[in-house]
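Dear colleague,

I am passing on the structure we spoke about, placed just below, and after it you will find notes on what turned up when I went through it. Please read them with the model open beside you.

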Amino acid sequence: MRVVLAEDLFLLRDGLVRMLEAYEFEIAAAVDNGPELTRALEELQPDVAVVDVRLPPSFSDEGLQCALEARRKRPGLPVLVLSQHVEQLYARELLADGNGGVGYLLKDRVFEAEQFIDGVRRVASGGTAMDPQVIQQLVSRRAQDKPMANLTSREKEVMELMAQGRSNAAIAQQLFITERAVAKHTSNIFGKLRLPPSDDDNRRVLAVLAYLDQG
């Protein structure tokens, strides 16, 4: 799996490269600024991009804007954002196109290599990997929106874990319920969000995007 990595801090960038290579990812490019990221995404066509939000030369939202532009040119390009803070505007922009293959992790809340690697793999496969703090801030402003207001408390708990990329088995273990109960909750969620019948994995991604999108 080929990765383009964008991180301006040398030690962190080098550490991420070594970690990814240890898990048998191929580093197509590791860059430290926006223009180089744009070129790498256009020319190298990676399987996934791992991108810091703030990159030179502007140190504002350079990294994310490069990733968004790349997704416009190549819809569905998997992008995993790394950030120090929850930047709601950036997260909403990333989710706005309705495609999967998106993630948003907070640097100081990634505690294990496996946690990060699992997030990269899920995003690369078209899924989602969202930090719980990101989820909470994204959904807090739309608690009364329809059809989100129709979700029960348990269904919202299931949705939050789905957004983190958890499987039904992992959700069942976390909530101390059966996998059959999780399947029933997800089915109810699909119905309340008016998602048409399709591949279950695809509907999970669509449900997460609908749940997180601020509109």
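**What was found**

By the rule used here, there is one cavity of 30 Å³ or more, a cavity being a set of points, on a 1 Å grid over the protein atoms alone, where a 1.4 Å probe fits but cannot get out; points are joined across faces, edges and corners, and a volume is the space filled by probe spheres set on them. Please bear in mind that this is a predicted model, in which local features need pLDDT of at least 70 and side-chain atom pairs count only at pLDDT 80 or more, while totals for chains, interfaces and linings use all residues. Residues are numbered from 1 along each chain as its sequence is written, and side-chain values use heavy atoms, with hydrogens and water left out.

The largest cavity has a volume of about 30 Å³, and its lining, meaning residues with an atom within 4 Å of a point, consists of Thr-38, Leu-41, Glu-42, Cys-66, Glu-69, Ala-70 and Lys-73. The elements giving two or more residues to this lining are α2 (34-44) and α3 (62-73), where helices are DSSP runs of H or I with at least four residues, strands are runs of E with at least two, and both are numbered from the N terminus. The largest contribution, four residues, is that of α3.

Helix α9 (residues 179-192) has 14 residues and reaches 20 Å from its first C-alpha to its last, close to the 20 Å expected at 1.5 Å a residue, the expected span being 1.5 Å times one less than the number of residues. Its buried residues (under 20% relative accessible area, with exposed over 50% and partly exposed in between, for a 1.4 Å probe and protein chains only) are Val-182, His-185, Thr-186, Ile-189 and Phe-190. Seen down the axis of α9, these fall within an arc of 140 degrees, taken from the directions from the axis to the C-beta atoms, so they line one face of the helix. On the other side of α9, Arg-180, Lys-184 and Gly-191 are exposed.

UniProt, in an unreviewed entry, places the feature "modified residue: 4-aspartylphosphate" at Asp-52, although such annotations may be inferred rather than shown by experiment. Asp-52 sits in strand β3 (residues 48-52) and is buried, with a relative accessible area of 7%.

In the loop between β3 and α3 lies Pro-57, which a cis peptide bond joins to Pro-56, with omega about 10 degrees.

Best regards

Terms used. 1 Å grid on protein atoms, 1.4 Å probe; cavity = no way out; pocket = protein on both sides within 12 Å on 5 of 7 lines; lining within 4 Å.
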